[in-house]
4 protein chains.
Amino acid sequence: MIKAAIFGASGYTGQELTRILSGHPEVKLVAVTSRRFAGQPVAEVFPSLNGLTALKYQNATSAQICNLCDIVFLALPHGVSMGIAPEFIRAGKKVIDLSADYRLRDLKTYETWYGKHSSAKLLKDAVYGIPELYRKKIGQAEFVANPGCYPTSIILGLAPALKKKLLDVSTIIADSASGVSGAGREPLTGSLFCEVDGGYKAYKVGKHRHLPEIEQELNALAGKKFAISFTPHLLPVKRGILSTIYAKMKKDVTLKALHSLYCAFYADEKFVRICPEGIYPNISSVCGSNYCDIGLAIDPRTKNIIIMAAIDNLIKGAAGQAVQNMNIICGFAEDAGLQIAPLYP
Amino acid sequence: MIKAAIFGASGYTGQELTRILSGHPEVKLVAVTSRRFAGQPVAEVFPSLNGLTALKYQNATSAQICNLCDIVFLALPHGVSMGIAPEFIRAGKKVIDLSADYRLRDLKTYETWYGKHSSAKLLKDAVYGIPELYRKKIGQAEFVANPGCYPTSIILGLAPALKKKLLDVSTIIADSASGVSGAGREPLTGSLFCEVDGGYKAYKVGKHRHLPEIEQELNALAGKKFAISFTPHLLPVKRGILSTIYAKMKKDVTLKALHSLYCAFYADEKFVRICPEGIYPNISSVCGSNYCDIGLAIDPRTKNIIIMAAIDNLIKGAAGQAVQNMNIICGFAEDAGLQIAPLYP
Amino acid sequence: MIKAAIFGASGYTGQELTRILSGHPEVKLVAVTSRRFAGQPVAEVFPSLNGLTALKYQNATSAQICNLCDIVFLALPHGVSMGIAPEFIRAGKKVIDLSADYRLRDLKTYETWYGKHSSAKLLKDAVYGIPELYRKKIGQAEFVANPGCYPTSIILGLAPALKKKLLDVSTIIADSASGVSGAGREPLTGSLFCEVDGGYKAYKVGKHRHLPEIEQELNALAGKKFAISFTPHLLPVKRGILSTIYAKMKKDVTLKALHSLYCAFYADEKFVRICPEGIYPNISSVCGSNYCDIGLAIDPRTKNIIIMAAIDNLIKGAAGQAVQNMNIICGFAEDAGLQIAPLYP
Amino acid sequence: MIKAAIFGASGYTGQELTRILSGHPEVKLVAVTSRRFAGQPVAEVFPSLNGLTALKYQNATSAQICNLCDIVFLALPHGVSMGIAPEFIRAGKKVIDLSADYRLRDLKTYETWYGKHSSAKLLKDAVYGIPELYRKKIGQAEFVANPGCYPTSIILGLAPALKKKLLDVSTIIADSASGVSGAGREPLTGSLFCEVDGGYKAYKVGKHRHLPEIEQELNALAGKKFAISFTPHLLPVKRGILSTIYAKMKKDVTLKALHSLYCAFYADEKFVRICPEGIYPNISSVCGSNYCDIGLAIDPRTKNIIIMAAIDNLIKGAAGQAVQNMNIICGFAEDAGLQIAPLYP
């Protein structure tokens with residue numbers, strides 16, 4: 001049994017990690033930290049976990065946690081992880097960072113979108129943790145930058161088409177919609193039930209901080225630089241992201257051929273499911289699981305390819321993918337602890 | 001007081017018409033029909049209307065209704081209206097048809113998307129009822145084809161930019177999301193609470209029957225023929241449509257200039273509100289009202305203009321717009337009976 | 001036109017008052033205050049009100065507001081109203097206080113449940129504002145203590161049965177469920193979408209501060225002292241309260257007789273609707289309106305009478321009832337500004 | 001590996017059984033039946049199960065299924081099970097019936113509430129499947145009548161207090177609220193999203209068919225006959241039941257003593273969790289799991305004990321409890337296949 005700790009465990013992502021790791025056959029969860037809830041049992045803050053973990057939140061230093069664990073998950077806000085990750089890395093611990101701090105390989109891009117970086121030298125050591133694209137590198141890594149939720153859906157959705165050079169990349173548009181848990185558990189007016197229920201709206205149009213991360217990976221897949229349009233929307237649901245992605249075809253392709261390409265590309269993947277032709281993914285069919293469901297359409301009238309990718313933002317978009325990365329790093333079965341069927345209805 | 005009747009009044013659109021007309025200062029609602037609920041008081045089928053109308057649903061013929069009213073609203077399924085509208089028109093009654101039967105001016109297009117038309121000769125007599133574009137014609141009409149819900153949001157959203165020829169029309173994409181009431185009150189598995197709540201998915205991608213109607217009007221606005229991509233999604237809300245519309249700019253335009261254009265275009269409109277720069281519309285800010293809220297963004301990195309338009313699909317997208325059209329036809333104040341503030345939260 | 005002001009106008013109740021008063025035919029809304037949003041237009045904080053009011057929030061003193069208006073609505077937290085109401089009363093203004101500060105006629109009870117009272121002498125001057133019970137007194141008053149939301153539903157639900165002495169009052173149980181807007185617009189963790197959606201739970205069982213207010217009025221109706229059990233629950237909806245009330249019959253009564261009693265008791269009331277026998281009220285049939293819908297059942301096996309009362313907590317449970325009280329005080333039609341049909345679906 | 005089949009597998013309960021049994025370590029799911037979807041893969045009807053089962057729905061006879069399996073789950077409507085169960089029993093198969101057909105031990109009561117029974121002789125052979133009360137009998141049984149959802153919550157909630165004779169049983173009131181999945185997947189108007197969302201209402205007050213089942217078990221626990229009041233409500237959530245149960249204490253008991261009693265009573269139970277004193281259960285803390293969470297309160301002013309019990313109606317209220325019963329019958333670990341943490345948020 002490997003010993004794991006979670007730094008910043010009282011947000012929704014931290015809670016989800018706690019839930020998954022508590023049931024993981026190869027992991028012993030030894031510590032969870034939270035300043036706000038220090039001293040309180042996890043099961044008091046999240047009664048759903050009553051009986052599943054006896055841990056209490058600690059207000060511990062990174063040094064203290066470092067001594068306890070083999071692997072640490074950092075579920076901290078952007079800018080905070082970079083103050084903590086280096087110590088764990090120096091101590092030879094495996095680190096999976098769920099913040100954005102080490103996702104961008106280019107320092108300048110990071111600083112344009114996020115501000116100063118205090119441990120920029122580590123940027124080159126972090127592996128971007130999408131297993132379906134970087135499995136080998138992840139397996140050799142000790143330090144994973146776990147992808148953002150929107151990026152996961154868009155990158156998995158576009159990878160086969162980009163690699164096959166099917167798309168006019170200057171026309172790519174990602175129209176995404178996310179459940180509210182993506183905004184975290186901070187008590188913000190905009191996350192209140194009365195502000196969200198019955199509503200639907202775009203936000204940060206063309207300006208969301210996930211943009212550089214998305215473009216970094218899409219550019220790598222296509223082998224050239226380009227920008228995309230990305231519009232996130234807030235959905236009145238707790239979990240789930242659907243990205244509906246548009247791009248003009250470079251040359252005509254049939255739906256059948258496109259579908260075959262995607263099926264082949266993800267043939268060996270446990271967590272990517274390609275919908276049958278004519279069927280489109282629904283976030284409620286992946287929620288509660290680590291799946292990414294992908295659906296495909298072609299609009300012959302406008303020469304657009306339309307790709308729809310659905311994930312649970314807290315699982316494949318955060319905690320589940322982090323555990324998947326841990327499994328690869330540690331040589332466990334890749335779906336260990338992740339064999340959770342979606343909860344439907 | 002004008003005497004009005006509603007044919008097919010027990011669906012959600014019919015109910016909404018009943019609700020609005022019951023409180024309209026210039027209208028006496030004299031008859032509502034429904035086969036399914038014939039003989040039952042409206043207030044029994046819709047307890048919300050208890051005390052607001054004493055009418056019972058009738059299973060009446062069009063001839064019977066024709067004798068009772070000056071104006072009739074047809075809230076019937078596509079294909080059914082065309083069997084009834086001609087009789088009212090022959091009798092000299094004003095007709096507002098909320099089905100798709102008379103929205104398309106081109107018979108061939110109609111038959112491609114919907115099938116045979118039994119009163120094709122009337123197509124040329126129907127005025128397409130978006131008051132903001134066709135107010136004059138509507139004022140002279142006796143017969144209005146009330147627009148579809150998705151088309152209303154997309155046409156109002158694009159009109160100023162198209163008229164001003166700002167857009168590369170070959171790149172227009174409308175990514176829309178609708179509340180469940182758009183699917184009507186028929187008991188369909190896909191409209192069940194458990195199938196919809198917590199979900200979000202696209203449907204009829206590139207194949208929705210509102211497409212020819214949208215393109216007819218956009219082409220008219222631009223003065224040339226082109227096709228667009230249109231992807232409807234199902235939202236877990238009761239009411240509301242948000243269309244997020246993308247198109248490449250033909251030449252650079254600033255957000256400030258775009259915003260001014262929209263403000264000027266809709267300056268005299270009571271039911272179109274342009275959001276301040278940087279603010280995007282939320283369906284929950286229009287629901288319960290006849291407003292269309294429009295927000296604007298520019299993505300300089302990709303040269304995309306992004307237009308967001310929000311309406312209540314049952315009001316500005318159906319019953320409210322129908323009443324607005326009636327007000328124009330009858331010479332009432334255009335907002336008579338429609339001075340309903342959005343219900344927020 | 002009477003000149004009205006709202007003190008504390010940026011919460012949900014204040015917003016609802018703003019919405020209703022902006023459309024009121026006899027009222028000119030002259031000022032709205034908010035510390036948090038001082039200087040911002042109302043329409044910026046609540047885009048739903050765009051076009052309906054041009055007011056800005058002011059951080060004004062009570063003296064400043066006093067000079068501007070004939071009537072003031074205090075939509076302030078408990079304990080804050082009592083610091084402001086006296087000044088308006090001294091200045092001869094009409095005051096409708098939506099806090100709990102002047103609802104309890106007994107000082108000791110107030111201090112047991114809420115703490116010190118700084119203007120206890122005014123308690124005897126405030127009229128408890130349920131028009132269906134105290135219309136005459138309200139008409140002679142200048143100072144109304146507007147009832148709480150739960151109390152309104154429970155008092156209206158029990159009044160006819162208590163007056164008729166049908167119930168064993170020692171057995172009364174009120175099991176109530178409220179939408180989240182009842183908790184206000186403060187950003188509290190417990191009001192977040194993710195904490196509320198999909199959930200249902202009781203809170204403050206037997207300890208809610210509305211208890212003494214409920215009992216004060218029920219005791220007055222029955223003409224004797226007794227306690228009841230009251231269990232509030234949090235519903236995953238924005239608006240609406242349903243109270244399901246149980247009590248043993250003192251002697252056998254038929255449903256028909258009970259139904260007749262309720263119909264007779266509320267025969268002249270515009271805002272109370274008695275459901276037909278066998279039909280039970282749904283909060284979604286009153287939301288958006290000032291109605292209270294009441295349904296009745298009898299369980300002959302256990303001799304229980306079951307009374308269900310539904311209101312919109314922000315309207316009949318707060319802002320709408322406040323306007324109804326204003327209408328009575330000012331001699332307007334009692335439903336002026338309140339002729340809003342419920343928004344269904 | 002035991003071979004299991006599900007008869008009537010395309011409703012929500014059948015789907016949930018399919019989901020749980022597909023991941024059960026001791027079970028091979030060999031057949032699922034559905035008339036409506038015969039020939040279709042399960043994963044097409046429920047895309048959430050894509051990759052988790054390769055089965056297709058069959059329109060098979062009971063004889064055909066009988067040959068394939070060791071144990072059968074009947075997830076059929078009331079009245080249908082009784083036509084099928086006898087054949088499986090005669091063939092020596094284990095049977096877990098999720099309908100109401102064999103839950104009532106008294107034929108006359110059955111016929112009063114449900115109508116004719118075609119295999120009344122089997123009533124005495126069926127064991128009522130609440131493991132926490134009848135574990136031993138279940139272990140010796142081959143035929144389990146799986147309890148209803150409301151009854152499970154109410155019986156588990158009241159068992160300790162009734163056994164300890166703490167309550168005046170003539171005063172018991174169960175006020176329950178259920179998610180919409182309890183109404184099944186039939187396309188009924190009352191289960192539509194637009195009819196349910198934003199709503200809350202009581203139904204079948206004092207007349208729900210679960211009443212005789214509840215009273216049978218409560219009477220058995222108390223050792224005497226009595227009736228209770230039971231009011232089900234429809235909640236705008238997919239899953240979850242909360243029962244808030246009221247009864248007068250026979251003699252004074254402290255919350256501390258009551259809490260201890262409940263903790264002791266359920267000390268060895270894996271699936272019953274007693275909330276800490278002062279904490280009340282939320283359905284969202286059990287949904288997705290087989291847990292029943294119980295909270296306790298005492299109202300000293302009225303001498304009422306208030307017990308709140310929360311379950312996931314599809315799991316502990318149906319499919320999960322059925323699997324728990326199977327585990328007991330077959331000698332598997334009682335939580336085999338049921339170690340699923342609640343999905344929160």
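View 1. Copies are superposed by least squares on the C-alpha atoms of residues with pLDDT of at least 70 in both. Because the model is predicted, local features need pLDDT of at least 70 and side-chain atom pairs count only at pLDDT 80 or more, while totals for chains, interfaces and linings use all residues. Residues are numbered from 1 along each chain as its sequence is written, and chains are lettered from A and ligands numbered from 1 in the order in which they are written.

**View 2. The contact of chain A with chain D.** Chain A brings 24 residues, and chain D brings 24 residues. Two residues are in contact if their C-beta atoms, placed from the backbone, lie within 7 Å. The chain A side that touches chain D holds twelve nonpolar, nine polar and three charged residues. Here Ala, Val, Leu, Ile, Met, Phe, Trp, Tyr, Cys and Pro count as nonpolar, Asp, Glu, Lys and Arg as charged, and the others, Gly among them, as polar. Of the interface residues of chain A, 100% are also interface residues in chain D, so the copies meet through the same surface.

**View 3. Chain A and chain B.** Chain A superposes on chain B by a rotation of 180° with 0.0 Å of shift along its axis (RMSD 0.0 Å). That is the relation of a two-fold axis. The same surface serves both copies, as 98% of the contact residues of chain A recur in chain B.

**View 4. The side of chain A that touches chain B.** The contact takes 40 residues from chain A and 39 residues from chain B. On chain A, β8 (173-178), α8 (193-196), β9 (201-202), β10 (229-234), β11 (241-248), β13 (292-299) and β14 (304-311) each supply at least two residues. Helices (H or I, at least four residues) and strands (E, at least two) are DSSP runs, numbered from the N terminus. By class, this side has 22 nonpolar, twelve polar and six charged residues.

**View 5. Two domains within chain A.** Domain 1 spans 2-125 and domain 2 spans 149-315; the bounds come from an automatic or database domain assignment. Their C-alpha centres lie 27 Å apart. Eleven residues of domain 1 are in contact with nine of domain 2. On the domain 1 side, α1 (12-22) and α5 (107-113) each supply at least two residues. The largest share, three residues, comes from α1(A). That side has five nonpolar, three polar and three charged residues.
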